[in-house]
Amino acid sequence: MIARPPTLVMLLGVILAGACSHSDSFPTVPDRPDGAFGSETPTRLTYNPGDDAWPAISGPGRLSYQFRRGTPDRDICAGVMPDGGGPRMAEACAWETDEASRSDLFGAAVLLDDGRFLWTRHQSGTGNQAPQDGGLYLGPRGSPRTAVRVLSLLRQPAGASARWDVLVDPVQTGPDEITALAAQWYIGPTIKFGPVDTIIRGVEIARISLTTVPATVTVLAPAPDAIAWARDAGSGHLYYARPTYVPPSEDSLYRPIADTVFQAGGGGGTPVWGRPEMPNQVSGRLEGLAVGGGRVFVAYRWAEYLPPVPPAPPLLQTTSRIVEITNGTASAPRASRIGTTPDHWGRLAITQDGSALIAESIRSTGRDLYRIGVTP
Amino acid sequence: MTSPTCSLLTPGIDRMVRRLLPVLAMLVAGPLAGQSTGGLVGTVTDASTGAAIVGVDVRLDGGATATRTDGRGEYRFRGLSAGRHRLEVIWPGYRPARRDSVIIRADEIVRADVRLAPMAVELAELTAVGVQDPVLDPLATQTQQRITGEDLRRLPVSSLEDALALQAGVVGESFRGGRVGQQSFVLDGLGVKNQLDASTNGAGFRIPPDLITEAQLITNGFSARYGQALSGLVNVTTRDGGDTWRGRVAYETDRPMSGVADLGLDRLVLAADGPIAGGVTAVGVIDLAARLDFDAVNAPAATDPRDPRFETPRPLPHNSGETWTGAGKLTIPMGDRLVGRLFGLKTIEQQYLYDQRYKYEPTLGPGRVSDGSLLSAHLQLRPDNGARLPFAGDLRFGLFTRDFTRGAVPEPDYAFGAFTGKRLRIRGEELARAQDTVTTRSPVDGFTPPTFSDQTPWGVPGFFLGGASVGEISWNRFREFRSQADFTLGLGQNADLGFGGMLAKQDVKTFQRVDASRPTGEDVPPPTAASFSPSITGAYVEAQARASDLGFTVGVRYDGFDPGGDLHNATVGARSTINPRAAVSTVLQGATIVGSVGRFSQPPDLQYLIDAAFDDSTRTGRFRQGNPNLGFEQGTQFELSARIRVREMTSFKVNIYTKNLDGLVSTAPIGVNPDSSRFVNADVGNVIGGEFIFERERVGGWGARLAGVIQRAEGTVTNAFELQRLIRIDPNTGDTLAAPARAQFPLDFDRRLALIATVDGEINPDGGPRLFGVRPLASVVGSLVFRYGTGLPFSRTDITGDSLAAEPNGSRLPSQWTMDLLLRRPIRIGGLAGGLYLDVRNLTDRRNILAVRRETGNPDPSDAYLAAVAEQAYLANPQSIPFESPRYRRSGDLNNDGLISGRSELYPLYLAAARDFNQPIFVYGPPRQIRFGMELLF
């Protein structure tokens with residue numbers, strides 16, 4: 001007996017009904033949070049017992065920072081986490097089996113839009129703070145050890161007049177391009193016919209193109225003595241902050257007496273705002289600079305002695321503020337700390353939409369990162 | 001039809017047989033025709049008087065082959081191709097006698113007696129030709145199990161290997177308790193064997209079922225024509241192209257299933273054959289199969305809800321495989337007696353291997369590619385059946401290549417189902433093929449040491465790896481050019497003489513590197529490579545004679561093996577062995593009795609001749625020395641078998657056998673260092689047992705078969721890689737030191753009892769209920785296979801795994817059973833016939849246990865073991881895990897402070913990870929597998 005076509009079609013239909021695709025193998029569903037741990041304000045982003053510092057928004061939603069794992073060799077790792085909090089998306093730490101015999105400093109982490117992971121590494125002998133080797137590395141996110149050195153740091157190329165030593169606060173500014181604050185050094189005599197030493201040539205805001213190996217570095221603007229820089233993605237303006245030190249002839253202490261935020265440009269740029277000198281301050285410092293969405297934020301602090309209450313010695317009080325600068329004028333503090341401990345806010349970064357700051361919280365117990373909403 | 005009985009034996013012969021039978025056993029030598037051919041004999045008599053008719057023309061296939069009866073009215077055809085033939089006897093004064101489908105089986109002689117009716121006598125034509133009952137035919141001396149092309153269609157099997165597994169005495173690829181690799185393939189008469197590593201990596205090629213006319217499994221012995229095997233011979237006959245073009249297209253899948261029942265299977269088969277021109281015919285088959293869960297197992301779901309296997313036990317990630325097979329054959333007539341055949345076969349098997357260590361990061365896991373190809377040419381001289389001394393000959397040439405690579409492969413990029421459409425690229429493959437042992441001493445590009453994965457549900461750095469790859473690069477290539485000549489000389493109607501020989505020139509190249517992310521030295525063994533050119537030779541002479549119902553076969557085979565001069569430490573050159581074989585058969589009291597004895601030899605796997613660096617489950621040391629002086633592995637077999645026709649359609653066969661094995665390869669430690677060892681010919685063993693097969697032939701719409709085996713297989717070690725504890729190599733002299741007593745233990749495949757029952761039937765075209773004008777069950781063909789086997793042995797150890805807690809292989813796994821079902825319904829689409837089928841394996845979803853943990857005797861690890869390894873992992877990495885770390889898991893932060901720290905929070909995660917890592921998976925057999933198929937015939 002031969003089945004008639006309608007039956008056949010029905011049977012074929014049964015077979016082909018599920019012919020779209022096969023079931024997938026089981027998904028990986030780790031029990032990981034995808035946001036911040038707590039809901040308090042400011043929101044604490046890091047719970048690592050070691051220090052978490054140097055925040056930078058290197059791309060949309062991507063917060064780069066450095067952290068200490070607490071290993072005896074005092075290594076510092078670089079990581080990238082969501083700017084709203086959550087597990088790190090990428091990290092780079094020393095991996096060699098004998099790595100405890102050296103100190104490693106990882107930094108300048110950038111998780112590029114295409115998933116590649118970029119970071120710097122400086123190595124020194126344990127306890128020796130002067131690094132002997134360094135480089136900028138690029139590789140897959142999941143496997144830092146497979147990364148390729150795309151730029152040597154601390155090594156002066158043959159024929160070059162200087163070398164690049166440090167990259168700070170990197171931001172992806174193109175498919176194969178980052179911009180960072182870069183320090184350029186050279187080896188030469190400190191005085192004419194004097195001994196050879198490593199001398200800083202300058203600090204610049206520089207663009208690093210990753211299309212070639214070695215990567216090419218192009219100076220965008222000088223940023224002399226800069227400690228921080230920022231870029232307003234909307235206007236393209238570059239900013240940097242630098243301290244002004246007491247001239248050596250006037251004080252035995254080498255300390256900043258003033259700090260200024262500049263919009264980078266010719267001749268060192270244009271001053272935007274200067275840290276105010278407080279009447280009783282014994283020290284002060286501009287700690288952080290962040291620019292985004294046309295808004296400029298700074299973190300600064302100062303210390304002053306409280307009036308003494310005999311027989312107790314005078315107490316040193318620290319005041320720390322995060323303010324927005326508008327037309328050269330500081331706003332009311334967006335966040336502040338005041339007390340007799342040295343706790344204060346440190347370096348700043350701002351989310352790309354300008355709605356929140358990422359701030360270093362520096363306490364005697366360690367450093368952590370916080371997110372502070374700054375919606376206008 | 002005559003029915004010979006023992007009453008036809010003369011008293012003298014009868015007495016002689018009775019004396020010989022107790023000492024002759026086993027080994028049934030085959031007929032002297034080519035291995036893919038058979039013979040036809042018979043007597044032509046006058047139906048009215050019973051007198052023999054002399055000089056009658058007997059023709060086959062319309063006169064393509066013809067002969068004449070001799071003075072006793074007997075005729076004989078030799079060298080007939082396996083399959084159906086048309087027999088015709090025409091003689092003046094008699095009605096013509098015809099039989100349209102005399103089935104000739106390879107290696108078997110069929111008897112067809114013809115009674116010619118005088119013109120004046122009324123006799124039904126159909127009764128004019130009677131075919132001898134093959135069960136009782138004393139001339140069918142081989143005791144063998146056959147798998148026909150029809151069996152492959154009617155049974156729930158997808159491959160020849162599946163069908164072989166239904167035969168008595170087969171456990172996986174082990175035949176009659178022997179080790180894997182103690183068997184050989186014979187493809188259309190040409191011996192084919194992966195001589196390099198058959199014991200661990202199989203044959204290296206697959207024969208598409210659509211190409212097979214029939215296959216024989218000979219577990220008891222084989223003709224002196226064949227060597228290179230101790231325990232079994234798989235003799236495959238492929239079909240020639242037909243007189244008209246025909247073909248088959250089939251597709252099967254499990255896509256209509258969902259969840260764990262969807263194992264991602266897709267299989268497509270295209271087959272066609274027909275005439276080309278000038279009598280030349282062709283046949284071609286393409287068989288493509290892929291499955292997402294290649295090694296599907298019926299392991300229970302995980303018990304922890306956080307484990308992804310809790311919700312979805314399968315398919316496993318990075319566990320797919322695909323097999324591409326293509327084959328073609330040209331048959332070229334070259335005159336009346338000459339036929340040429342050209343054959344080509346290529347099989348590529350590639351698999352992504354699931355690795356529990358990389359369960360959560362399967363982006364770069366282990367994989368393997370096996371590429372086997374065979375090109376052969378066959379020139380056949382058919383006998384002149386009318387000649388006084390008919391002579392037949394076969395010249396065969398074969399080039400067999402098997403290329404095997406194993407190492408790290410990235411995550412699959414599937415094109416359709418589990419088909420990738422491209423060849424897997426094994427990392428470091430180019431270096432391996434170049435046998436670069438210099439560059440590869442350094443860390444190999446692309447390899448990085450793995451780190452502990454942060455993608456697990458447990459977060460803690462332990463057990464599971466990621467971020468890198470396995471560090472293995474393994475490649476080998478075995479190439480053999482074989483020439484083989486076989487001749488048969490007919491000595492009258494009752495005797496044949498066969499003789500011939502073979503020469504195979506081989507070429508072996510290997511490369512192996514482990515831990516490729518690290519430099520060699522200290523604990524990383526150096527890369528190993530080998531390149532050498534062995535050769536094997538063989539020659540035989542064999543005579544078969546018949547006297548009434550008594551048949552004799554006597555033969556002797558010479559085997560030679562020379563590993564060539566390229567190997568280090570080789571002090572022994574060519575080695576050889578002589579292997580006599582004999583068999584006698586007769587009919588006694590309605591039963592055919594066959595007794596046989598034979599000695600068999602096979603060269604050792606070539607992999608045992610060379611050094612190897614090991615970092616896998618087969619290792620007995622991190623570095624193992626090869627031994628180029630290894631000799632033949634040998635066996636002597638005795639068998640007594642009986643075949644009984646119980647009723648008209650039922651038969652009973654029983655075989656009793658004993659097999660002594662000697663000189664099998666085993667591993668012996670050098671000095672007292674268990675991490676350094678060497679291969680030696682030091683294992684001895686014995687297999688003794690009995691098989692029975694009860695069969696109801698397929699008549700009246702149904703058939704059945706019950707096969708059973710009771711046996712015991714023991715040896716001093718269970719496989720070549722296991723340390724031979726009773727043998728030690730003196731590091732100074734290199735001498736082999738044996739312990740005074742050589743106790744024997746069960747071999748790995750020592751299954752004491754096995755039963756296989758098969759029932760198949762067909763509903764007649766008008767059967768079944770009528771629904772909407774259609775009878776959906778009409779013409780449905782169904783078959784059911786039930787398999788039962790007692791447990792295989794294993795060795796109990798203590799919790800460390802270092803010390804045996806009982807005798808080697810002294811414990812037993814639980815028994816296993818499965819039930820498979822196939823239903824096939826013919827259909828017609830337009831002018832094309834076809835069918836739909838439903839194939840269900842392991843119908844009851846039985847969870848068979850194939851292995852256990854040696855320290856517990858069951859699949860699960862003990863709590864004490866888990867606690868110990870969890871503690872070890874915790875102590876290695878006790879650091880706290882902050883909230884922002886990818887390793888942070890909210891469920892592990894018991895005090896909810898954003899930090900998983902201290903033993904109270906970390907240890908439970910390590911324990912859960914240990915439980916996950918050690919959960920049993922591949923210790924279970926396959927789950928229920930349901931596949932739907934559709935085929936069209938044209």
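Predicted model: local features only at pLDDT ≥ 70, side-chain atom pairs only at ≥ 80, totals over all residues.
Over which residues of chain A does pLDDT stay under 50? The stretch is residues 1-11, for which the model has 20 contacts (heavy atoms within 4.5 Å) beyond four places in sequence. Here pLDDT is the predictor's confidence in each residue, from 0 to 100. Chain A as a whole averages 82, and 83% of the residues score at least 70.

Residues are numbered from 1 along each chain as its sequence is written, chains are lettered from A and ligands numbered from 1 in the order in which they are written, and side-chain values use heavy atoms, leaving out hydrogens and water.

Now turn to chain B. It has eight helices and 49 strands; these are DSSP runs, with helices (H or I) of at least four residues and strands (E) of at least two, numbered from the N terminus. Of its 938 residues, 59% count as buried, where buried means under 20% relative accessible area, exposed over 50% and partly exposed in between (1.4 Å probe, protein chains only).

Let's look inside. A nonpolar core is a set of buried Ala, Val, Leu, Ile, Met, Phe, Trp, Tyr and Cys residues joined through side-chain atoms within 4.5 Å. The largest has 53 residues, and Leu160(B), Ile207(B) and Val236(B) have the most contacts inside it. Apart from it lies another core of 24 residues, including Trp458(B) and Tyr907(B).

Tyr907(B) is also one of the buried residues of helix H8(B). The cover over those buried residues includes helix H7 (863-876) and strand S47 (881-882) of chain B.

Finally, consider charges. A salt bridge is a side-chain nitrogen of Lys or Arg within 4 Å of a carboxyl oxygen of Asp or Glu, and the structure holds 77 of them over all chains. In one, Asp162(B) meets Arg841(B) at 3.5 Å, N to O. This pair links distant parts of the chain, helix H3 (residues 160-164) and strand S46 (residues 832-841), with the partners 679 residues apart. Asp162(B) counts as partly exposed because its relative accessibility is 28%, whereas Arg841(B), at 11%, is buried.
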